[in-house]
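Subject: Structure handover and notes

Hello,

Here is the structure for your files. My notes on it follow below.

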Amino acid sequence: MNQTISRKDLCGYLSLLRDQIGGQELFPAPNVIFLNSRALYHHLAKQTCGEATVGEILKKIETCIPLAVTEESFSLFLSACQEPKAERTRNFLESSKADFLLLIHQTAENEQQWDALTALCEKLRQRNIQH
């Protein structure tokens with residue numbers, strides 16, 4: 001079972017990610033092209049963000065990261081994959097984290113969208129406390 005984090009910690013981590021990812025070019029140089037979102041995620045996850053890396057922060061808040069799937073669709077996804085269950089789950093979580101970083105990048109400059117994203121993360125945090 002994952003440990004829950006406080007609202008204050010969640011807001012602090014989201015602010016760090018917003019400052020790091022929002023408003024900047026995601027690519028290290030104009031001639032760099034990532035083959036897929038997983039490669040971009042691995043690049044971003046290694047960047048320093050405050051006293052940790054982006055990847056370490058995402059690990060701390062992963063229970064608060066919104067995923068656009070239901071339990072049923074996630075089960076169908078897992079049953080359709082050919083790779084071992086642990087590998088499927090890890091790959092899916094990495095993909096979700098990559099999508100979340102792109103969402104942060106896209107919403108960081110718009111206060112209304114940013115507030116909606118942080119509110120969603122907070123709802124997930126509260127729901128995880130209750131379960």
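How many helices and strands does the secondary structure of the protein chain come to? The answer is six helices and two strands, where helices (H or I, at least four residues) and strands (E, at least two) are DSSP runs, numbered from the N terminus. Starting at the N terminus, the order of elements is α-α-β-β-α-α-α-α.

Some conventions come before the rest. This is a predicted model, in which local features need pLDDT of at least 70 and side-chain atom pairs count only at pLDDT 80 or more, while totals for chains, interfaces and linings use all residues. Residues are numbered from 1 along each chain as its sequence is written, and side-chain values use heavy atoms, with hydrogens and water left out.

Overall figures

The protein chain has 131 residues, of which 34% count as buried. Here buried means under 20% relative accessible area, exposed means over 50%, and partly exposed is in between (1.4 Å probe, protein chains only). The chain exposes about 8,600 Å², and carbon and sulfur atoms supply 52% of that area; accessible areas come from the Shrake-Rupley method with a 1.4 Å probe, and for residues only the protein chains shown count as cover. Contact means heavy atoms within 4.5 Å. Among contacts between residues at least 6 apart in sequence, 68% join residues at least 24 apart.

Nonpolar core

In soluble globular proteins, nonpolar side chains tend to be buried together. A nonpolar core is taken as a set of buried Ala, Val, Leu, Ile, Met, Phe, Trp, Tyr and Cys residues joined through side-chain atoms within 4.5 Å. The largest one in this model has 26 residues, and those with the most contacts inside it are L17, L58, I61, F100 and L101. Helices α1, α2, α3 (54-61), α5 and α6 each supply at least two residues of this core. The largest share, five residues, comes from α1.

L58 is in contact with L17, Y41, I65, K97, F100 and L101, leaving aside its neighbours within four places in sequence. K97, in helix α5 (residues 85-107), is buried at a relative accessible area of 9%. With neighbours within four places again left aside, K97 is in contact with Y41, L58, K59, E62 and I65.

Y41 is also one of the buried residues of helix α2 (residues 37-45), which are L40, Y41, L44 and A45. Seen down the axis of α2, these buried residues fall within an arc of 130°, so they line one face of the helix. The arc is that of the directions from the helix axis to the C-beta atoms.

Salt bridges

Side chains of opposite charge can pair when their charged atoms come close. A salt bridge here is a side-chain nitrogen of Lys or Arg within 4 Å of a carboxyl oxygen of Asp or Glu. The count comes to five salt bridges.

- E111 and R18 meet at 2.6 Å, N to O. E111 lies in helix α6 (residues 111-130) and R18 in helix α1 (residues 7-21), so the pair ties together parts that are 93 residues apart in sequence. E111 is partly exposed at 46% relative accessible area, whereas R18 is buried at 17%.
- E62 and K59 meet at 3.4 Å, N to O. E62 is buried, with 18% relative accessibility, and K59 is exposed, with 52%.
- E122 pairs with R125, the closest N and O atoms being 2.8 Å apart. The two are three residues apart in helix α6, about one helical turn. E122 is buried at 8% relative accessibility, and R125 is buried at 10%. Salt bridges that share partners join R7, E122 and R125 into one network.

Cysteines

How many disulfides does the structure hold? It holds zero, a disulfide being a pair of cysteine sulfur atoms within 2.5 Å. For C11, the closest cysteine sulfur is that of C121, at 9.3 Å, too far for a bond. For C64, the closest is again in C121, at 6.7 Å, which is also too far for a bond. C11 is partly exposed, with 33% relative accessibility, and C64 is buried, with 1%.

Regards
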